[in-house]
Amino acid sequence: MLKNKKFMLVAVAASLSFTSLVACSSKTNTGSSTTTPASKAAATAAATAAGPKPELKSLQIWQKDDYNTYPVAKYLEQATGYKVQYDMLPQDKPQDKLNILIASGEPYDAITTAGSTDFKALYADYAKKGALTDLGPLIDKYGPNIKAAIAPSALEAAKIEGKLYAIPTTSLSFAGESLYIRQDWLDKVGMKAPTTLDELTAVLKAFKEKDPGGNGDKNIPLTVKGDAPIIPNIAGAFGLANFWNDVNGKLTPRVLDPAYKDYVTYVSDLFKQGLLDKEFAANKDATAKEKFSSGKAGMIMIHWADVPTINDALIKNIPTAKATYIPTLKGKDGKIGLSATQGFDRITYIPKASKHPEDAIKWMNAKLEKDTFRTMAIGEENKHYTLKDGAYTPILPIFTDERNQANNFLMGTDDKIYPTYWQARVRKDMRLFDAWNFMNTLQPANTKIPDPLGYAPYLTEFSKNFQPLNTMVNDFTTKLIFGAEPMTGIEAFQAKFKSSGGDASYKEVNDWYATAKK
Amino acid sequence: MHKKTLGDWTFDIGIYLVLLLCGLATLLPLANILSKAISEESAVISGKVGIFPVGFQLDTMKYVVSSNQFLHSIGISLLITVVGTLLAILLTAISAYPLSKRHLPGISIIMVMFIFTMMFNGGIIPNYLLMKKLHLINNLWSLMLPALISVFNMLVIKSYYESLPEALEESAKMDGARNFTILFRIILPLSVPVIATIALFYAVYFWNDYFHPMLYINDAGLKPLQLYLRDIVMDADSSSAVNKSADDLMNVSAEGIRAATVIASIIPMLLVYPYLQKHFVKGVLIGSVKG
């Protein structure tokens, strides 16, 4: 652990000093050496594929299987003509490793990272320090497909100080987490799935009093994990679907939102009545799932990606169990909403240390060629998927084996068509599809509320303060729900929130928001 | 021998209790992981698996042990451990020998130079840049070369050499043996306990090293086991889930698979340990009286 700390400090030092390092890093070839058996094989393979096109080096996000041996890599090599050596960042503290690689000028031709706030901050930092290649002129010259495929708004949002340094892979805009309920419990107490907050309270009360699961004093009407005291779906009914929400034309963080107090009052009331898991603050993600799948809890907050596993376990334990998502809840004044992702799933950039920036762009451009893109994303028709009535259905198990991790090979998507292709990925499992479909297509369109900050450019104060403030708010909210802090303490906390960077973030975010709305 | 008093009894029982607790504290988590590895996934998810497996099955273990990436990583780890340990022991043992001869001219200066590296070193970034200049990034030698001589281990061996009677060497010299013969035919065979201990130290170091591969290895094909493990275990960590897209979430490996990976990865060390353990205990004593 000590070492890790040291490592982080050094990584910070590295990022500070890297401009000079970038400048003096040598241009000698540090490509894979030939002393080990594995790289020997790679070297001979490279020799046979020798042609006018250089071998590219790409740094990718972590995945379970080796990129180099993944079927998509083979397909792409044949389709684009570029042999690519893929490396990957570690799963643990990828930011630190990335800092070292950039600082030491590793000659990567493409670097793909997540598109979350912290990685956007790194990207902006590198761009400002001059470590990245300006892609604008290259795309004009070699990237017609890139221009055609990626939404102009996304490209605009990826710009740093007016110049484009990265190719964004946009997130598909989906709602992810909601409340999942035991349908058989509902049937037993003779009620329907709740659609409003009052109905939710009534259902939870019935779960507690009538104990349809027969759990006695272990009965838990609703369980959530400890780091989610602001419960999706319930929060949406108070207009707090996202971290920041539009309140009278200004983006406002949840804790400064006038509705925050109402939300906490409602949830702490659930807690007081014993309707919310008494131990929720100590729940890890796995603990909450244990409680639900062992039949002790009547409701849980989960992501639709977890549905098949949870459902399997639940039915194994209680064969008569049936579970489903509840509709999006309506609040008193008609407020409603589930947070939906918006923004960048990945960003790909070319460092200055790259030896083949032009080829890298040509390669990315080739990946966005219509047929290549489809085959990369979901495979070949009648081999990996079938197409019927405009819906792509995967053929199993080959789709799982050869395309499950295809999303990691994307560098920009064809934004008009990709959402349709993507559905093949949820159709792997009908329960997965049903869960996703219920939340994202069956519910009215106005119940999905995209994160308004998703397309925000890099905001210094906001990025710096986002995580610490979020932790602060979560802790405080948990205390309020437990009754460890009085409701009258909210104003004092708001003052603390503002002085801990909340004010600076607010100003920065709304300065941008004012220009973005125009 | 006097009869045990009440005080003695309570003292003994107290000691046994403490030892028992320590034993359980290490054994129970292992039992838990093992049971998860061989239990049904549904039982694992619903938290029914404690120290005993529920719904015994071996498919998960089979899946993990036959996965290419796992086998590849374990191969890399074995390679580093075997080659690294052999070289390290050889170099450490032969560099300790001259240093144990205090009468040699200038030997104390060389000794100080060794000790110096124990106290001061370049740190991570300079080391990284050194590896880069040596073209050893993404090369397994980067994990072995810097660790071939640990000064501390060398000192342990050196003090062991010093404890051997001088007369042995003198008699060998009379029979016409040269320095190398003395070292390899007389000294090393007599030093097997300490060599075995140090070999174990090195082997455990090479096997467990996670930090250096994380720095120097980017090619997934060259990742040793610990790095692979770390990645797999981190996969389901909720702190990393913040950055995950829905696609990643659908691909997270199941809890049972992670447990099975952990279990499978300790098997090689488990196989080696019993054979070296007796030396290990002896060796620790030797280290303690080196004074």
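Trainee: Is A:A456 buried or exposed?

Mentor: This is a predicted model, in which local features need pLDDT of at least 70 and side-chain atom pairs count only at pLDDT 80 or more, while totals for chains, interfaces and linings use all residues. Residues are numbered from 1 along each chain as written, chains are lettered from A and ligands numbered from 1 in written order, and side-chain values use heavy atoms without hydrogens or water. Buried means under 20% relative accessible area, exposed over 50%, and partly exposed in between, with a 1.4 Å probe and protein chains only. A:A456 has 4% relative accessibility, so the residue is buried.

Trainee: Which residues is A:A456 in contact with, leaving aside neighbours within four places in sequence?

Mentor: A:A456 sits in the loop between strand 17 (448–450) and helix 19 (460–482) of chain A; helices (H or I, at least four residues) and strands (E, at least two) are DSSP runs numbered from the N terminus. Contact means heavy atoms within 4.5 Å. With neighbours within four places set aside, the contacts of A:A456 are A:K120 and A:W512.

Trainee: Which residues touch the most other members of the largest nonpolar core?

Mentor: A nonpolar core is a set of buried Ala, Val, Leu, Ile, Met, Phe, Trp, Tyr and Cys residues joined through side-chain atoms within 4.5 Å. The largest one has 149 residues, and the members touching the most others are A:L98 and A:W304.

Trainee: Which helix gives the largest share of this core?

Mentor: The share in question is 8 residues. It comes from residues 68–99 of chain B, that is, helix 4 of chain B.

Trainee: What is the strand order of the open sheet in chain A?

Mentor: Two strands pair if DSSP finds at least two bridges between them. The edge strands, each pairing on one side only, are strand 2 (84–88) and strand 6 (166–170) of chain A. The sheet has 5 strands with mixed pairing, in the order 2-1-3-14-6.

Trainee: What is the bridge partner of A:T113 in strand 14 of chain A?

Mentor: Strand 3 (residues 110–114) and strand 14 (residues 344–349) of chain A run antiparallel and are joined by 4 bridges. Within strand 14 of chain A, A:T113 has as its bridge partner A:I347.

Trainee: How far apart are the end C-alpha atoms of residues 13–34 of chain B?

Mentor: An unreviewed UniProt entry lists residues 13–34 of chain B among its "transmembrane region" features; positions follow the numbering used here, feature names are shortened, and annotations may be inferred rather than shown by experiment. The span is 100% helix and 0% strand, and its end C-alpha atoms are separated by 30 Å.
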